[in-house]
Amino acid sequence: MPNFVDVTYQQTGKSLDVDDFGMREMQRRAFNERNSQYLLLKAPPASGKSRALMFLGLDKLYNQDLKKLIVSVPEKVIGGSFDRTRLTNFGFFADWDYNEDYNLCTPGGDEKKVRAFRSFIENKSETILICTHATLRFAFNQLDVSVFNNTLLAIDEFHHVSAAIESRLGEVLNKVMNKTNAHIIAMTGSYFRGDNIPVLLPEDEIKFTPVTYNYYEQLNGYRYLKSLGIGYHFYQGRYLSAIGEVLDTDQKTIVHIPNVNAGESTKRKHEEVDTILDLIGDIEKQDPKTGVIHIKRKDGKIIKVADLVNDDQKERDKIVDYLRKIKRVDDIDIIIALGMAKEGFDWPYCEHALTIGARGSLTEIIQIIGRA
C-alpha cells in the first residue's frame, strides 16, 4: 500500500551548521535566552535539545550563581541523552561532566534513588543530577521545597506535566515556581498532550520565555533522513495473523504493540511478543549480560531483538542499559515495546516504526516518528 504522506527534504544542512562554540542553529537560539528564569524550549526530535540544555545549564552554574542542576526525564533510557560530553573540544568554555553516583537513570529501585537524590541535595560540592520524573516526584515528597532555591530544574518531555490538580509532576513544578527562586528549563518536541488538559495554566505559561524551532527548519538539516513516508495497513481478526506481512526484518524497526486496554490487544502482551519472535525465526539464545535475544532467520541471518515489554524489572533494566550504549548499526535490529521507546529515546539507525492500532493523539504519533 502506498504511503499517504511521502516527503523528500531539501537537505540544506543549515540546522546542523555549528558556530564557534559548537552550537547548532537551534542551540544558539536557546542560548541567547540563557538569562531567562523560566525557559520553554519547543523543538522537534533530534534537533539537539539535550545539548542545548548542557550549554544553558553550564552557563547558569558558572555565570549565574546557581548551585545545582537537576535534569528529569520520563524514562531511564532517555537519561543516555545526557551522558558526559566534551563541549570544550568544540569551543565552549566547559564540559558537561558529573559524578556518576548522581546519574540515577540506571538499574535500581526507587528507594535507593531517593536516598541518592537526598545525598546530592546535602552535598554542596555536587552540581549535576540526572533522574526520572518518578524519582523527582518521590524525592520531592521527602524534601522541603526550599532545597530547590538556587537550583536549575530541567524537565525533559515537558508535555508530561499537566495543569490538572491530580498531576504530581504539575504539583512539583507549581510549588517550585511559587515557593523558590529556582530556574526552570522545560523541553518538549510537542507542547500539547493529546487530551483536553493544558500543560500549564495561562498565568504560569506567560512567565516562560518561549524558544521555538519548527519542523521545517529542522528537517532540512537531517543528514541521513532523506525522505519520510507514513503508510497504513488493514487486517482482519487478530493483528498477529497479519503482522508478518508488514514486518521487514531487513529494516531496523521499532514495533509498538497495542496497549492491553486497546481493542487491538489480545490482553496477553507476553504471548504477543513470543508470537512476533517466532515469526522472525528460531530463538538461538538470550545474552545473559545484555538481555539481547538472538534469533536465527530462515536464511541463517541472526536478528538481534530487544524486548521492552518484559515485566521483570531486573531484565528490563539490563536491556535498557544496553540500548542506552549502542554505538553501531549492528548492535540491535528490532525493538519490541509497549509504552517505552516512544519519546526521547535516540536510535539513529532506526528505519521503520511499526505501530499497531490507532494512536490516541498527534503528540504520540510525532514522538513515534521522532525515534526514526
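**Group meeting: a walk around one chain**

Okay, let me start with N103: this residue is buried, with a relative accessible area of 4%. By buried I mean under 20% relative accessible area; exposed is over 50%, and partly exposed is in between, with a 1.4 Å probe and protein chains only. Before I go on, this is a predicted model, where local features need pLDDT of at least 70, side-chain atom pairs count only at pLDDT 80 or more, and totals for chains, interfaces and linings use all residues. Residues are numbered from 1 along each chain as its sequence is written, and side-chain values use heavy atoms, with hydrogens and water left out.

Back to N103. You'll find N103 in the loop between β3 and α3. For those labels, helices (H or I, at least four residues) and strands (E, at least two) are DSSP runs, numbered from the N terminus. What does N103 touch, not counting residues up to four places away in sequence? Y98, I130 and R324. Contact here means heavy atoms within 4.5 Å.

Keep R324 in mind while I zoom out. The chain has eleven helices and 14 strands. Of its 372 residues, 50% count as buried. If you take the contacts with a separation of 6 or more, 72% of them come from residues 24 or more positions apart. The accessible surface is about 18200 Å², and 48% of that belongs to carbon and sulfur atoms. Those areas come from the Shrake-Rupley method with a 1.4 Å probe; for residues, only the protein chains shown count as cover.

Now, salt bridges. In general, side chains of opposite charge can pair when their charged atoms come close. The rule I'm using is a side-chain nitrogen of Lys or Arg within 4 Å of a carboxyl oxygen of Asp or Glu. How many salt bridges does that give? The count comes to 22.

Here's where R324 comes back. R324 forms a salt bridge with D83, and the closest N and O atoms are 3.1 Å apart. D83 sits in the loop between β3 (68–73) and α3 (110–122), while R324 is in helix α10 (residues 313–324), so this pair ties together parts that are 241 residues apart in sequence. Is R324 buried or exposed? R324 is buried, at 13% relative accessible area, whereas D83 counts as partly exposed at 26%. And there's a network: D83, D321, R324 and K325 are linked by salt bridges.

For another pair, look at D65 and K67, whose closest N and O atoms are 3.0 Å apart. D65 counts as exposed at 53% relative accessibility, and K67 is partly exposed at 47%.

Next stop, helix α9. α9 has twelve residues and reaches 17 Å from its first C-alpha to its last, close to the 16 Å expected at 1.5 Å a residue. The expected span is 1.5 Å times one less than the number of residues. Which residues of α9 are buried? K269, E272, V273, I276, L277 and I280. They cover an arc of only 135° around the axis, which puts them on the same side of α9. The arc is that of the directions from the helix axis to the C-beta atoms. As for partners, the buried residues of α9 pack against α8 (243–246), β9 (253–256), β10 (282–286), β11 (293–296), β12 and β13 (334–337).

K269 also has a salt bridge, with D311, the closest N and O atoms being 3.0 Å apart. D311 lies in the loop between β12 (302–307) and α10, and K269 in helix α9 (residues 269–280), so the pair ties together parts that are 42 residues apart in sequence. D311 is partly exposed, at 46%.

Leaving aside its neighbours within four places in sequence, H270 is in contact with V309, N310 and D311.

K267, in the loop between β9 and α9, has a phi near 75°, a positive value in a residue other than glycine. N150, in the loop between α4 (133–142) and β5 (151–155), has a positive phi as well, near 60°.

Last thing: the surface. F4, Y232 and F234 form a nonpolar patch with about 390 Å² of accessible area together. Patches are made of residues with over 30% relative accessible area and no salt bridge: like charges are joined within 9 Å, nonpolar side chains (Val, Leu, Ile, Met, Phe, Trp, Tyr) within 5 Å. F4 itself lies in the segment before β1 (5–8) and is exposed, at 54%.
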